[in-house]
Amino acid sequence: MATDATTYQWVKDGALGAGKMRYGADYNPEQWPREVWAEDVRLMREAGVNIVSLGIFSWALLEPREGEWDFDWLDDIIDLLHENGIDVDLATATASPPAWLTTKHPEVLPVTADGTILSPGGRQHWRPTSPIFREYALRLVRQLATRYADHPALVAWHIGNELGCHNLYDFSDDAARAFRIWLQEHYTSLDALNDVWGTAFWSQHYSEWDEILPPRVAAAQRNPGQQLDFQRFSSDAQRDHLRAEAAVLAELTPGVPRTTNFMVAQNIRDIDYPSWTGDVDFVSNDHYLRPGPRGRDDLSFWANLTGNIAEGRPWLLMEHATSAVNWREINPPKRPGELMRDALTHVAHGADGVCYFQWRQSRAGGERYHSGMVPHAGADSRVFRDVVALGAELQAIAPMTGAHREKARVAIAFDYISWWVSGRDSHPTELLRYDEEALSWYFALLDLGIRADVVPVDASFDDYDVVIAPMLHVVTDDLRGRLEQIVADGRHLITTYFSGTVDEYDRVWLGGYPGALRELVGLTVEEFVPLLAPEKLASGASATNWSERIIRLGDDVEVLDTYASGDLAGEPAVTRRRVGAGSATYVSADLGVEGVTGVLRSLSDIDALRGDERTAGGKLEIITRAGDGIRYEFFANRTDEVVTLTPTGARFGTDAGAPGATIEIQPREVVIVAEPAA
Ligand code: GAL
């Protein structure tokens, strides 16, 4: 999965030495007069902050005119932070180009699919493939790296910021040139490209590489192969930028670890992060709580996936919010207890550091209503008191840093490419949601008290007794072999509708759906039956959006549930093919959380699908980290009720207790219990 570009290296020890749980924020001192800086460091110390990300949006102040540098203010704040024991994750400051650059070189501005040139005035208004932008950006990186290489406060590099957050898709002429080069590297010949893109369709054949364009707005549906390759190329173009900055830093400051903040989250679909793991020394992630009843579980899902993108090694939660964000339609503040709960849930899934956007809530600018560690109300506030309490907790649990998350017996295979392709236009319905399907399975497992890992599809499945592959739409020959192996080993695969349908070029596998998986699941589907209205299953479950008419291929395929209404009434809806001790289960409809919970219940002969009684019927999520001979079990209360637990170990953290003592876990509380590893 990962490239070998770098080896894992955690944040340097810094002013306070090793063994700390990292705690801090994006810090934007340039938004404040210097008098405020003194108060900032005082409050940071009070809160136990030991790291800040600095300079993320500072380019225009560091280089106010082309080639004119002003580092004085940055020198001063870095020194002040260092004097106060606060380390610096220094940004390369390339996230938002200054006005002089885009005035002089408007040709660095990104272009949308319909030809609109994006104006400066927001942020990240640069083309990832612009040679001009790259040159200016790397010059800035070189200046910063040279100046701060030996500063003792520097413990990590923060490359760019959320690469691709706003400029992932650029359809400019620069992009067109770079796309052609990318294609030439991937396809040895135009014949090969014409073949896999199926350009015989609608007279789309190419005779010269220069005829190929990004998939700009067109008169009718665009070529799916071209769209998919442009998605891959766009994700890779951001990674190239990361690599270019990283190369300068590696040359000038080889001992300082480099990271960039990933956005492993439901609202960011189009970056193939598992392919970036090898390009950072340690993984960092940004995650913002999704409002509503499933927000906590959603957070757990993406934290879980981040931990597995980090290949089980500690990672840094680079950004989340103390309370409200300001960029959703409605932005409620966090409920009492949620600040601590969210932070510790990330720690449970392997984060050895918890940082926020941002330290001090802005007074002006587009994010003035986004929460910070120090809110508009000041330090005498609920948020800041919670921030201080979290700092104390992180300090108390610091002995667990470096502990690895223990694997579960069940895995959900997560595939970014299937996410992209299954949501394409020109499909049987526009209502399919890959992310929601994957989340439904995770939520159902949590509801049943079953621990699961969310793993990138290219990671090994060897350690798992059950692999759930929801809507695994894109299946290569290699992946098919890996899935077949699970069942051949006597283990269990569960997969769903619209899986196995296409190859890595979005070409349909012929002979009936689910194409590549037909023999493994022992059935075929001649036509998809997207639904105009929900239908019922015999079990009482509801099918929405999608159903399929299943033809079983053999007697070894059992029917677990049938359609009970609509055109498919009486036909199989959920099947299971047994192969020796193993099995392959197929779910042909979108059943939602309740429906898939029922499917999992019907598979309870599988030992790994029996819930852990200590979850009190799924009220708790249990996650384990282990290291240095100690197991740390996190019990996260998913409910608004008090849950009582009598563990064998002892409560760990600021409220440390005795082994075997009964613990009342408050609503939305996360309790950690430690005991010697067996
Ligand atoms: C992130 C970004 C931060 C800030 C934050 C607000 O996307 O990296 O700079 O904008 O969102 O939620």
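Predicted model: local features only at pLDDT ≥ 70, side-chain atom pairs only at ≥ 80, totals over all residues.
Me: How is a pair of aromatic rings described?

Reply: A pair of aromatic rings is described by two things: the distance of the centres and the angle of the planes. In this structure there are 39 aromatic pairs. Take W100 and Y136. Their ring centres are 5.6 Å apart and their planes stand at 65 degrees, so this pair is edge-to-face.

Me: Where in the chain do W100 and Y136 lie?

Reply: W100 is in helix α4 (residues 99-104). Y136 is in helix α5 (residues 131-148). The pair links distant parts of the chain, 36 residues apart. Both W100 and Y136 are buried.

Me: Why does the pair of F528 and W546 count as tilted?

Reply: Look at the angle. The planes of F528 and W546 are at 50 degrees, with the ring centres 4.8 Å apart, so the pair is tilted. Stacked needs under 30 degrees and edge-to-face over 60. F528 belongs to strand β15 (residues 523-530) and W546 to strand β18 (residues 546-552), so the pair ties together parts 18 residues apart in sequence. F528 and W546 are both buried.

Me: Which residues form one aromatic cluster?

Reply: F262, Y273, W276, F301, W302, F414, Y416, W419, Y434 and Y442.

Me: Which rings have a charged side chain over them?

Reply: Here are two cases. R360 lies over the face of W32, 5.5 Å from the ring centre. The charged end of R482 sits over the ring of F461, at 4.4 Å from its centre.

Me: What can side chains of opposite charge do?

Reply: They can pair when their charged atoms come close. The count here comes to 58 salt bridges. One of them joins R360 and E39, at 2.7 Å from N to O. R360 sits in the loop between β9 (351-356) and α11 (382-396), and E39 in helix α1 (residues 34-47), so this pair ties together parts 321 residues apart in sequence.

Me: How far apart are the closest N and O atoms of E68 and R65?

Reply: They are 3.4 Å apart, in a salt bridge. E68 is partly exposed, with a relative accessible area of 40%. R65 is exposed, at 52%.

Me: What are the domains of the protein chain?

Reply: The assignment gives domain 1 (4-405), domain 2 (410-609) and domain 3 (616-676). The centres of domain 1 and domain 3, taken over C-alpha atoms, are separated by 33 Å. Their contact takes 27 residues from domain 1 and 18 residues from domain 3.

Me: What is the area buried between domain 1 and domain 3?

Reply: About 1,900 Å², with 54% from carbon and sulfur atoms. R296, A348 and M400 supply 27% of the area that domain 1 buries against domain 3, more than any other three residues.

Me: How many salt bridges cross the interface of domain 1 and domain 3?

Reply: Four salt bridges are found across it. R631 and E406 meet in another salt bridge, 2.9 Å from N to O. R631 is in strand β23 (residues 630-637), and E406 is in the loop between β10 (404-405) and β11 (410-414), 225 residues apart.

Technical notes: Residues numbered from 1 in each chain as written. Heavy atoms only, no water. Phe/Tyr/Trp six-rings, centres within 6.5 Å; stacked < 30°, edge-to-face > 60°. Helix = DSSP H or I, 4+ residues; strand = E, 2+ residues; numbered from the N terminus. Buried < 20%, exposed > 50% of the residue type's maximum accessible area, 1.4 Å probe, protein only. Lys NZ or Arg CZ within 6 Å of the ring centre and 35° of its normal. Domains from an automatic or database assignment. Contact = heavy atoms within 4.5 Å. Buried area = accessible area lost by both parts, 1.4 Å probe. Salt bridge = Lys/Arg side-chain N within 4 Å of Asp/Glu carboxyl O.
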